[in-house]
Amino acid sequence: MAQNSGKSKTKKASTAKRRLRVGLGLMLTLLLVVGGKLFLVQGLDVGGMAEAGINKRLTPVELPAERGQILDANGTVLASSVIRYDIVADQRVNTNTPEFGRYNSATAEAETVSREQGIKDLASALGTDPAALTTALTGDKPYVVLAREVKPDLEDAISKLSIPGVVSKAISKRVYPNGSVAGGVIGFLQDGTTGQAGIEQTQDEALRGTPGKRVFEIGADGLRIPVATDELTPAVDGKDVKLTLNTDLQYFAQQAIQSQVNNLSAQWGSIVVMDVKTGNIIVMADTNAPDPNNPGGVAPEDRGVRSVTAAYEPGSVEKMITASAAIEEGKASPLDTFTIPPAYTIDGETFTDAFDHGTEKRTLAGILGWSMNTGTVMVGSRLSKQQRYDWLKKFGIGEAPDIGLPSEAKGILAKPDQWDNRQQYTVLFGQGVSQSTLQTVRAYQSVANDGVMLQPRLIDSYITPDGKEEKVPAKESRRIVSKETAKKVRDILESNVTEGQIKEAAVDGYRVGAKTGTSQAPREDGLPGFDGYTASMVAMAPMDNPRFIVEVVVQRPKGNIYGITNGPVLRSVLGQVLRTYNVPPSTGTPARFPQFAK
Amino acid sequence: MSTAAAKATPSTVGNTARSLPLRSPDTGRKVRTPLSVVHSTPGKRRVPFFVFCFGVLAAALLTVLVLNISVSTAQYNLVQLKAQDATLTKQNQELTQQRQAFEAPQNLAAKAAQLGMVASTAKGQINLETLAITGTATPALKGLSQGAVIAPPAITGQLDVVPPASTKEPLESHAPSAADAKAEAKDAKADAKAKPEKKAEPKAPAVNLNGGSVPAPQQKVPGQ
């Protein structure tokens, strides 16, 4: 059989074979084309398709870091961040949805609500006019803010209304629970993020923290792809900043100085309280202090901290520095006798006192006790010009304290060769030189602390998010005068109260040392001359072991300058401070240097 | 002689032949197992095996199902608990804020004034070690000027914590009696009701009280 059909069969077989081969070749070519394309797409990613795809799916989300709190020395919160919601709407969605479904929890079933009813519900929740809300929700804008900084419970109620196109957006809001108490010190934020004043500004970096990031892939259906990239960089919350302030005393002092300034119709006033032993600032009170919740509520010039920003001519409080220098240099002692004429002339410059007197025989203590310019110039002229300059500089005049507040003034202390003929003597009683209240307090602190000056501290520590407290180390202290000189000067200051003219600084039960200062305030309108006074009083207590220094300053009070006094304000603040810190009443015999020489 | 017997005899031919180790006759012999007809394993025993396999499969599937259900139930729980956590965090924040608002010195002072309290001015001290009394404590007098009012914190939604201080009380300059106190309490209530009117009062020009919700200090109001 096979032999019979031999030739034709072979022919047929070869044709089939050829067809098969051609078909196979075709298939292989197709396979090669498809495989090659696959290799190009998958292996080489020509055209960046895979990369584009990943880029489309990858979704980065920023995880915000929580801003740290600002606390006072007792942990009272002065600034913290809370969750608030902005209610925003997509007008397109709302306008094009005439009715929508909603779950009614009262009847436990779904109901259909018309757009008008929905807007009415939303208006009553937000407390706005339905007509105005309808206008706000009609149009083709994709983003309209309906309400800002809504509280969580209201946000919850609004989201339950499930109005189409209306969503809430979580935001962080800074609140200041104590308002204007220490408002100037704390400062405020711009746009809720960046510190614009006070501690919020200077400590912005520490408070801010580092925002985290999450990168994940998301599908076209809006769901996260479970096994794909998911990188999480957790946010690092900001540190808390703990201040040395005491909120209760701060309030007490702010109220006291506000009353005083109101009574005297003064331009401004401020009070500083400092712990002698540590340099910690306990109170920095200002009048018309801003409420950081609404900083625009006060005038721009009231938004800072005047105790550090305002440099003015201190007046007679500077006589303490002159006396310290003279005693330390061995040029005088507290009971040295000076014969003081009604007017004292030196180098052609005549100096008089605030009160009329004949020729008197006074002690150095008596000169300070009655705050006599004549006597001070007499004592101070025993020092050379360079010595006067060096001693002012040593006591920190012309050197800004660095406590972490913006624009701290360093005052003006001209070089001795730039002093004019009169200025070389006026600097002895605090005219022709300017300094901030804190600089005065720091100078008195060095005398109170046995001659060692501690740099003032406002920021006590930083508290990390895990609760670890990082103390801010105290700056280097320096010796200004010897322990003996400091004691003599303190006795002079105490005699000012016991024997001199500052009797009203006395606090029942405590030995107090004090000095007043009255100086002419230069005009601020650019014209030469003076247009008012700066009245200040600085005191320390208890004198057997000084713990606290209080200074009260009132700028440009109205009325007769010799009729006004900061005594009662200082007394009440000092008394309150001593009692708050449970300082035991004084022991020992109060210093009573005679004011007149025998 | 059988071949076995021949093998048993030492195969020594002549004295040149090596002596080979002897094999015991028993070791080489193997006892043949008697052959018999064996029945194959019965076919019906396969059915329980299949049932067993299906049982295992079903059990595995069921376990997976139960696991899945429990995981998704736990997921729902997790979502619910997370929502609860968020709600509680918000509530906690809200309550903390309220407490802070109550604690704010301004609000505390306003509340105290509303209750008719006045600050004492002169305080004394007793030293418990020496029993020495220093200072002369005097009772607080109603009617003394209570100093400037510091505006309460302007936090949205927190101003209702304490109503603004009454302006009437500091005017009475005599010591309070019970009847007076009652009358004053009534006054205070009336004041609280007549809040909008109070707001309209002229403010002191020198003091910016930030928002006007707090009455100006008495001594500063012109014409009074």
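This is a predicted model: local features need pLDDT of at least 70, side-chain atom pairs count only at pLDDT 80 or more; totals for chains, interfaces and linings use all residues.
**Where the two helices meet**

- Two packed helices are described by the angle between their axes and the distance between the axes.

**Chain B at a glance**

- Chain B has five helices and two strands.
- If you follow chain B along its sequence, the pattern reads α-α-α-β-β-α-α.
- Of the 224 residues in chain B, 18% are buried.
- Chain B exposes about 17400 Å², and carbon and sulfur atoms supply 64% of that area.
- Take the contacts in chain B between residues at least 6 apart in sequence: 52% of them join residues at least 24 apart.

**A nonpolar patch on chain B**

- B:F49, B:F50, B:F52, B:F54, B:V56, B:L57 and B:L61 form a nonpolar patch on the surface.
- Together, the residues of this patch have about 800 Å² of accessible area.
- One of them, B:L57, sits in helix α2 of chain B, which runs over residues 46-103.
- B:L57 has a relative accessible area of 49%, so it counts as partly exposed.

**Salt bridges**

- Side chains of opposite charge can pair when their charged atoms come close.
- Over all chains, the structure holds 32 salt bridges.
- In chain A, the side chains of A:K160 and A:D156 form a salt bridge, with 3.4 Å from N to O.
- A:K160 and A:D156 are four residues apart in helix α6 (residues 152-160) of chain A, so about one helical turn separates them.
- A:K160 is exposed at 58% relative accessibility, while A:D156 is partly exposed at 36%.
- Another pair in chain A is A:K239 and A:E470, whose side chains meet in a salt bridge at 3.2 Å, N to O.
- A:K239 lies in the loop between β11 (230-233) and β12 (240-243), and A:E470 lies in strand β23 (residues 469-471), so this pair ties together parts of chain A that are 231 residues apart in sequence.
- A:K239 is partly exposed at 27% relative accessibility, and A:E470 is partly exposed at 28%.
- In chain B, the side chains of B:R99 and B:E103 meet in a salt bridge at 3.1 Å, N to O.
- B:R99 and B:E103 are four residues apart in helix α2 of chain B, so they are separated by about one helical turn.
- B:R99 is partly exposed at 43% relative accessibility, and B:E103 is partly exposed at 44%.
- Salt bridges that share partners also join A:R67, A:R174, A:E200, A:D204 and A:R208 into one network.

**A buried serine in chain A**

- A:S436 is in strand β20 (residues 435-436) of chain A.
- With a relative accessible area of 0%, A:S436 is buried.
- Setting aside neighbours within four places in sequence, A:S436 is in contact with A:S307, A:V308, A:A310, A:A311 and A:A409.

**Backbone details in chain A**

- A cis peptide bond joins A:A541 and A:P542, with omega at about -20°.
- A:P542 lies in the loop between β26 (530-541) and β27 (548-555) of chain A.
- A:E149 has a positive phi, near 50°, in a residue other than glycine.
- You can find A:E149 in strand β6 (residues 144-150) of chain A, where it is partly exposed at 35% relative accessibility.
- A:D347 is not a glycine, yet its phi is positive at about 50°.
- The loop between β17 (343-346) and β18 (349-352) of chain A holds A:D347, which counts as partly exposed at 46% relative accessibility.

Notes:
Residues are numbered from 1 along each chain as its sequence is written. Chains are lettered from A and ligands numbered from 1 in the order in which they are written. Side-chain values use heavy atoms; hydrogens and water are left out. Patches are made of residues with over 30% relative accessible area and no salt bridge: like charges are joined within 9 Å, nonpolar side chains (Val, Leu, Ile, Met, Phe, Trp, Tyr) within 5 Å. Accessible areas come from the Shrake-Rupley method with a 1.4 Å probe; for residues, only the protein chains shown count as cover. A salt bridge is a side-chain nitrogen of Lys or Arg within 4 Å of a carboxyl oxygen of Asp or Glu. Buried means under 20% relative accessible area, exposed over 50%, partly exposed in between (1.4 Å probe, protein chains only). Contact means heavy atoms within 4.5 Å.
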